[in-house]
Amino acid sequence: WINEVSTAETWRRRGLARGCVRALIEGARADGVTTAWVLTEVDNAPARELYQSLKAEVTAGILMFEWG
């Protein structure tokens, strides 16, 4: 589970998040992890583009519950 990937607005579009997520995935694979997942809001187009550009697939049927 990859949690809270975020980049300060002034540093966006420079490849920082891409590098972080790629390093997390590569490190996990080296440790034998076969599946990783991350959640994002449906309307978060930049995050969705980032994850899809790294060959992640949208998983259907996920439902998140929250208590506030």
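Q: What does the accessible surface of the protein chain come to?
A: About 6300 Å², of which 54% belongs to carbon and sulfur atoms. Areas come from the Shrake-Rupley method with a 1.4 Å probe.

Q: What should I know about the model itself?
A: The model is predicted: local features need pLDDT of at least 70, side-chain atom pairs count only at pLDDT 80 or more, and totals for chains, interfaces and linings use all residues. Residues are numbered from 1 along each chain as its sequence is written, and side-chain values use heavy atoms, leaving out hydrogens and water.

Q: How many helices and strands are there?
A: Two helices and zero strands. Both kinds are DSSP runs: helices are H or I with at least four residues, strands are E with at least two.

Q: What comes after α1?
A: Glycine 32 follows α1, with a positive phi near 90 degrees.

Q: Switching topic: how much of the chain is buried?
A: Buried residues are 12% of the 68 in the protein chain. Buried means under 20% relative accessible area, with a 1.4 Å probe and protein chains only.

Q: And how much space lies in the largest pocket?
A: About 1900 Å³. Of its 48 lining residues, the closest to the centre are Val38, Leu39, Thr40, Ala47 and Tyr51. A pocket is an open set of points on a 1 Å grid where a 1.4 Å probe fits, with protein on both sides within 12 Å along at least five of seven lines; lining residues have an atom within 4 Å of a point.

Q: Which element gives the largest share of that lining?
A: α1, with nine residues.

Conventions. Points joined across faces, edges and corners; volume = space filled by probe spheres on them. Buried < 20%, exposed > 50% of the residue type's maximum accessible area, 1.4 Å probe, protein only.
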